[in-house]
Amino acid sequence: MAALSRVVEQRAVVYRRTFRSSAFSSFVSPVLFLTAMGLGLGGYVNRGGATALGGLSYLEFLAPGLLVATVMQAAAFEATFPIIGGLNWQRTFHAMYATPLSPRDIALGNLAWIAVRMAMIATVFTAVIVLFGAAHSPLVVLGIPVAVLTGMAFAAPIAAFSSTQRTPNRFNVIFRFGITPLFLFSGTFFPIESLPAPLQAVAWLSPLWHGVDLGRGVVLGTIGDQPLVMLAHLVVLSAIVVVGSWATSRLIEKRLVRG
Amino acid sequence: MQEEPTAPEPALIRARGLTKRFGSFVAVDAIDFDVAPGEAFGFLGPNGAGKTSTMRMIGAVSPVSDGDLTVLGLDPRTQGPAIRARLGVVPQQDTLDTELTVRENLVLYGRYFGMSRDECNRRADELLDFAQLTERQNDEVEPLSGGMKRRLTIARALINQPDLLLLDEPTTGLDPQARHLLWDRLYRLKQRGVTLVLTTHYMDEAEQLCDRLVVMDKAKIVAEGSPRELIERYSTREVTELRFAPDVQDRLDGKLDGLAERIERLADRVLLYADDGEAVAVAAHERGLEPETVLVRRSTLEDVFLRLTGRSLIE
């Protein structure tokens, strides 16, 4: 643990030098989205009556899903460029490996740092939700751990993939054919029941849908309605994090040993 | 410790039959060597000779394929982190944190060794002074010159007061002035008793820094000794270099015979090995040879390498 925390410390020191721009965007992005989708689009949606979303305003429906989806996007980014940078560009992971730190410390330390970043982004996002009056109840804060868990369910396997890459060329594929469609079709903006049946099945496979549904459940306090489904979400997401972290450790070790 | 007082000082590094394979490719082929405490030990050889693979095994970051290796009395197979805790490593390629300042690079690196922040800062002050980087301590790394980055890398490698400093091609890519500055710093470390192990394909670097070296070629050690011993054993005291126009050199056959103990023909010049180079130059002139330039110089490790392998160090 102590060794791992030194890797987190390194990432934090690097972050301190650049946080101004990213802190601003992690505030501005939810403001823009909640304004455009929540208030603008939501204004029309709400005219159809509150029954479609089970008595919720569109903003209340959207906010927890958008929180989780936004953290997913940030997590995917954090698991790509910083990883190949450390292995191939600045080679800081090689520098760390020349010290008593193990490849596992390096891998898990970087993932731990991503979790810290996701918690920061989710906290800012949640504050914006509250500012917009879109918080259904104080349970809104429970969206933060769910968003972090979902973010890590993306970050861990993507970091494993990044550990095998020497250039960012294939990252476009992840974002274009993975992250962006999931962002749109995982129940963030509308219930997946609105999708044609085959696409609904695809949504169930999406880790983001598990996160969005769980996030909505804990934030809106409806978790008791379907306890087994919620438990399943938790298990699926946790399992992806564990397997992804293990794979990241192994692949980073392989890469560092090769030189 | 348990040793008897009369026992010789144990080697810091001991390798027997040390081998590194990548699949079917043999990068290091059963080499033997010892490095004693306080000495500056070099691996001299061309690119691809197996020097870096050897260094990475010593550094406990690349598993030994075969043979025995002990570093600081420990086994890299099972005690990697404990070995790395007592090493300083200057890799061939810079691994500095370019987004951070010079000082932050030093302090964070100390943290990887588990040193306290206060201790890291104290060491950083000393090392900034040693590396002549105190004035640049709050600058980011990226705009620094190549020589400054190397000095910072060496300073960083010293943060944990290592028992052994490993330097892989420490001055490759630097201009002559930066190299001399770096050699001066390494020489000071040597004076302080720090054990240095370095690889190089520059014979002048090996001569400047190494008390003892092994010459590596094609994954094997082909000779071992101090620079002076190697030159005495494998070369003559002096060398006369004759440079001819290319077509003239091709038609020389026979005309040089007997002028020197040994003759090497390179693409652009002929090397005549003898203890008295001036006498060779005079004799060549008397034979009516008309080289474009004549240079008499002392033998170097480059000549040793040429003798041992038939090739130049830098190709």
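Predicted model: local features only at pLDDT ≥ 70, side-chain atom pairs only at ≥ 80, totals over all residues.
Residues are numbered from 1 along each chain as its sequence is written, chains are lettered from A and ligands numbered from 1 in the order in which they are written. Local features need pLDDT of at least 70, side-chain atom pairs count only at pLDDT 80 or more, and totals for chains, interfaces and linings use all residues.

**View 1. Helices H7 and H11 of chain A.** The axes of H7(A) (residues 143-162) and H11(A) (residues 227-258) come within 7 Å and cross at roughly 30°. The two helices are therefore roughly parallel (angles under 35 degrees). Helices are DSSP runs of H or I with at least four residues, numbered from the N terminus. Residues in the contact include Ala153(A) and Ala156(A) of H7(A) and Gly244(A) and Ala247(A) of H11(A); two residues are in contact if their C-beta atoms, placed from the backbone, lie within 7 Å.

**View 2. The contact of chain B with chain A.** Chain B and chain A each give 21 residues to the contact. On the side of chain B, the elements giving two or more residues are H2(B) (80-84) and H3(B) (102-112). H3(B) gives the most, with 4 residues.

**View 3. Gln90 of chain A.** Gln90(A) lies in the loop between H4(A) (81-89) and H5(A) (92-97). Because Gln90(A) has 21 C-beta neighbours inside 10 Å, it counts as buried (20 or more other C-beta atoms within 10 Å of its own, placed from the backbone). Not counting residues up to four places away in sequence, Gln90(A) touches Gly85(A), Thr95(B), Asp97(B) and Thr98(B).

Note on methods:
Axes fitted to C-alpha atoms, helices over the stretch in contact; angles between N-to-C directions. Parallel < 35°, antiparallel > 145°, perpendicular 65-115°, else oblique. Buried ≥ 20, exposed ≤ 12 C-beta atoms within 10 Å, placed from the backbone.
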